[in-house]
Amino acid sequence: RSALYLTLYRCSGVGLALCRRLLEEDGRIHLCIACRNAQKSEATRDLILATHPAAQVSTVEVDLGSLASVLRVARELRCRFQRLDFVYLNAGIMPNPHVNFKALWHGLLTGKVLHMLTTAEGIMTQTDRLNGDGLQEVFATNLFGHFILIRQLESLLCSNEKPSRLIWTSSSNARESAFSLSDYQHAKGQESYSSSKYATDLTSVVLNRKFNKQGLYSSVVCPGLVMSNMTYRILPVFLWKLLMPIMWLIRFFAKTYTLTPYNGAEAHVWLFKQKPEYLDVLVKYHSCTSGLGKSYVEPRKIDVDEETAEKFYQKLLELEKQALERYSDLLD
């Protein structure tokens with residue numbers, strides 16, 4: 001394999017576990033780690049090389065929430081590589097998450113608490129803001145930055161001898177009820193993370209329709225509930241310490257409580273070993289862990305309307321056109 005390009009954001013959690021697990025599967029791959037913090041990116045590289053000293057690991061610096069940064073790194077990657085076999089689209093943010101304890105209590109009384117705990121439906125809100133490009137920060141980082149990057153790397157992804165793969169990290173929190181075509185950046189709501197992940201599912205479906213014939217395939221995965229830097233920001237640390245024994249017990253009933261980054265990367269690694277032409281483009285692959293700790297992958301149909309997906313894709317193309325006009329000096 002000539003190159004594997006991996007997008008990270010905090011250079012930790014599922015991303016780091018994925019790097020290590022992929023090298024365990026195939027030590028010949030070239031990992032290129034993308035992170036917005038160059039020092040953390042190099043530190044991650046050192047951690048990987050400590051356990052895989054013969055691995056080919058390089059880094060690039062990119063902020064997925066900045067269009068200028070995305071365009072610069074795309075140009076750099078086009079210079080450095082002739083093709084890309086895999087692009088793991090793993091970057092994501094959830095700013096200022098808040099738990100609605102009143103809704104959680106209501107879920108406990110109505111018997112819906114397990115569903116709420118496994119999907120965060122009705123109990124999780126976030127506060128979003130505009131970024132330097134005038135876009136909603138969560139939408140820009142979790143989806144649009146990735147979309148622009150993919151579009152700029154089409155020459156490395158399409159019409160190669162072997163298929164190339166896009167593997168998006170989605171979520172069980174991706175819900176149609178949080179998404180609106182008329183407000184696809186989610187400027188008016190308080191569930192920007194859920195909206196951005198549902199938009200991810202929509203985008204993947206359309207990309208397959210547009211690019212499969214050119215040898216580019218897209219899949220979405222859900223890592224489950226992983227204890228990571230993002231998760232720990234939802235509640236105070238002392239509360240997590242009190243809740244952890246309960247969460248281990250919940251896993252006997254909620255298989256998506258993968259809890260560790262290693263388990264959360266299960267679906268990502270499973271897709272690495274599959275032939276994409278045999279996969280269902282309308283399926284999301286969930287990392288799951290049994291109560292006894294056995295990891296496995298469960299495919300579930302994506303709850304998307306293909307007509308809505310196509311309309312959303314057209315809106316992304318319109319927004320892309322505006323962005324490229326603004327940053328024409330960064331294009332080849």
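Phe253 is exposed (over 50% relative accessible area; buried is under 20%, partly exposed in between, with a 1.4 Å probe and protein chains only), as its relative accessible area is 67%. The model is predicted: local features need pLDDT of at least 70, side-chain atom pairs count only at pLDDT 80 or more, and totals for chains, interfaces and linings use all residues. Residues are numbered from 1 along each chain as its sequence is written, and side-chain values use heavy atoms, with hydrogens and water left out.

Phe253 lies in the loop between helix H10 (237-250) and helix H11 (261-264). Helices (H or I, at least four residues) and strands (E, at least two) are DSSP runs, numbered from the N terminus. Together with Leu249, Phe252 and Leu292, Phe253 makes a nonpolar surface patch of about 550 Å².

The loop between H10 and H11 also holds Leu259. Leu259 is buried, at 3% relative accessibility. Its phi is positive, about 70 degrees, although Leu259 is not a glycine. Most residues other than glycine have a negative phi. His186 likewise is not a glycine and has a positive phi, of about 60 degrees. His186 sits in the loop between strand E7 (164-169) and helix H8 (192-211). His186 is buried, with a relative accessible area of 8%.

Helix H1 covers residues 13-25. Its 13 residues should span 18 Å at 1.5 Å a residue, the expected span being 1.5 Å times one less than the number of residues. The end C-alpha atoms are 19 Å apart, which agrees. The buried residues of H1 are Val14, Gly15, Leu16, Ala17, Leu18, Cys19, Arg21, Leu22 and Leu23.

Conventions
Patch = residues over 30% accessible without salt bridge, like charges linked within 9 Å, V, L, I, M, F, W, Y side chains within 5 Å. Areas by Shrake-Rupley, 256 points an atom, 1.4 Å probe, with all protein chains shown as cover. Salt bridge = Lys/Arg side-chain N within 4 Å of Asp/Glu carboxyl O.
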